[in-house]
Every structure is written in structure tokens, then in C-alpha cells.
Amino acid sequence: MTATRTRTAGPAVSDDRKTTYREAMREALREALRTDERVFLMGEDVGRYGGCFGVSLGLLEEFGPERIRDAPLSESAFVGAGIGAALAGMRPIVEIMTVNFSLLALDQILNNAATLLHMSGGQLPVPIVIRMTTGAGRQLAAQHSHSLEGWYAHIPGLRVLAPATLTDARYMLAPALADPDPVLIFEHGSLYNVSGELPADAGPVDIDHATVRRPGNDVSLITYGGSLPKALAAADDLASSGISAEVVDLRTLRPLDDATIGESVARTHRAVVIDEGWRTGSLAAEISARLTEQRFYDLDAPVERVCSVEVPMPYARRLEEAALPQVGGVVAAARRAVGEPLPTGADTPERPPVSGRSG
């Protein structure tokens, strides 16, 4: 592999295209590999097996084993190798099977990728992209199902992305590869099979800012990744009872786009944060704190949070569903925020206690 770059023009597309989140991710990988000879993909089963979630299916046959590299079962080793390749001028894309397994490479991510630019006085950028699957809802039990992206959003030196739509799945990778800093991309496992139309005019994605997916006037539903479809469904439910909910997709978890979040709350004066992570020390807690610090006088009600129950993720389907944020819980939180009573007989959860033993 060489460090030269070549660019090829893609086929013109005149109409929206039917695709899936998985296929959009694969198309983004294919474009990156074709556009820049420095790019290669490395991880467990990314080659002959086509990726544990099928994202890289067919890429080995197209680009060969030098560009699509199957790695041994050692996250610390192959993430470390990716960091070394980035330091040497390559543009590695490293795939970790699930976020839980990324903890085996946490030393490499935190103590090397995130810190080398600072510790070298700006001499050693680490332009690596690390992709991993996050989230629950697929009955994969506690070692394959947690949402730990909030932990990584705590770390200076990293950029943390959470594509929630087909367009973001397709077009976030290119700006991530262009970023001189390490970029972590969290792909929610429940989204891979989601299908829809990829707009013909879709193009580069802004990875610096959140975006409003649905405008509203009464309450802001702030979320990201796999919880975005639930927030949109909750907004539909609320609209049927006359409550106008604005849905904000964070997109980038580090750095958080305080301006877009704050401007939404300035319009609606109420906020509900939906986060599949645990409540304690969560991304939802950080957003709530920032709104209190920056937008206190815009708030007409306390910030509501809808998070996962603080237990290891259950395997049993109904227990897993009970542990995760659901549409009913988002609707209930939004109704509390706007001071609307719940419908008679509604089976929706109450606000969790802020103290006491929960798991």
C-alpha cells in the first residue's frame, strides 16, 4: 500500500435509492477504499465472513487481503496496530465487534490514540477511525448489549459519532477519515436492517453539529443513534394529543453541540433526554447539567431523562424490553414536562427515583 491518493467519480444518481443502514455503511466503506489508497479495514471477521453484522460483505473479494484484513481475537492488538498504522501515514478503519469488547482495547484508545497528539506537542496526530456496534434490543445478553458510548464521550482527544439515519450511515465516514484526530463511530445494532430511501441529493454530513429531525413548539426530545426512531414515534404519539414535540438528533456525542440543543430548548422551554446508557453518570446527565448551566431561565420545567434501567442487560426478551427506554416512557416524560396528565389507564412508567438502590 502506498500513501498516494486517487479519486474516482461515482455514478450519477437521479432518484432516491432504496437501501438499508447496513448497505449504506458498506457503500461508505467501499467509497473510502476506492478514493484513498491509504485506507484499509481491519478487525475480527471483516474479511472472509463479511463482518459480524454483514457490513463488509464482499469487500475482501473486491479489494483483497491487503486492504481488508482479518485480525486475531485480540482487540488490544489490532487497535494498537491500527494506531501504529495511523502514525505511519495510513488511514485505518478498525472494526470492533461490540462496544463491550472495546474495553479490552481501552488502554490503546484512551492512553494512546487520545493522548499522543498532546503528549508529542502536536507532532503525532492519530487519524484512525474505530467503528463498533452498540446497544441492545436483540437478545444478545449483557456482554454484547450495553451502550457505553457515553464513557468514550468523556475522553478529550476523541471525536465520537452516532449515525442514526441512512444518510448519516452513508456519509459520516468520509469526514471522519478526514479528521486528524481519532474518531469513534457507534452503530446501533437495531439499525442495520432498517430500510428506506437514500435521498438523491444526500452528500457530505456535518459532523460538528446536531440536527433537528422534527420541529416542534412544546417540548424538545433530545437523543441519538438507536433511540432516534423511538423519539420520532413518541413525537407522533404526542402530536395525536396536541403536544408538539421537537426531535433533536445529537449525531456527534463529543464534542456536543450545545448551541443546537440550547436553541431548541429556547423554543420549547422543556426537554426530555433519551439515552440508552444507564442514568448514573450518563450522557443524559451531562446534557441535563449543561442545560441547567446554560439555559436555566429558558426552562419552564425540570429536564426529564429516559434511560436504561441500571441492571446488566437481560437476555429474556420481555425483561430486555423492560430495561430499555421505550416509546411509552418517552411519552410519559414529555407529558410530565408539559404538565399534561397521562391518559386514564395508561401503562407508562413513572419517573425513576434519583437515589436508592437500583441495581
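Begin at M132, which stands opposite F186 in strand 7. The model on screen is predicted.

Next, select residues 183-188, which make up strand 7.

Now select strand 5 itself, residues 129-134. This strand is mostly covered, with 6 of its 6 residues buried. Look at which way the side chains go: V129, R131 and T133 point one way, while I130, M132 and T134 point the other way. In a regular strand, side chains alternate between the two faces of the sheet.

In which order do its 5 strands lie? The order is 9-11-10-13-14, in an open sheet with mixed pairing. Strand 9 (211-214) and strand 14 (304-308) are the edge strands, each pairing on one side only. From one strand to the next, the twist averages 25°.

Select strand 9 together with strand 11, residues 245-249. These two run antiparallel and are joined by 3 bridges. Here V212 stands opposite V248.

Finish with two helices. Select residues 258-268 for helix 11, which lies across strand 9, strand 10 (219-223), strand 11 and strand 13 (271-278). Helix 11 runs at about 155° to strand 10. Then select residues 283-294 for helix 12, which lies across strand 10, strand 13 and strand 14. Helix 12 runs at about 150° to strand 13.

Terms used: Residues are numbered from 1 along each chain as its sequence is written. This is a predicted model: local features need pLDDT of at least 70, side-chain atom pairs count only at pLDDT 80 or more; totals for chains, interfaces and linings use all residues. Side-chain values use heavy atoms; hydrogens and water are left out. Buried means under 20% relative accessible area, exposed over 50%, partly exposed in between (1.4 Å probe, protein chains only). Helices (H or I, at least four residues) and strands (E, at least two) are DSSP runs, numbered from the N terminus. Two strands pair if DSSP finds at least two bridges between them. Axes are lines fitted to C-alpha atoms, for helices over the stretch in contact, and angles run from 0 to 180 degrees between N-to-C directions. Contact means heavy atoms within 4.5 Å.
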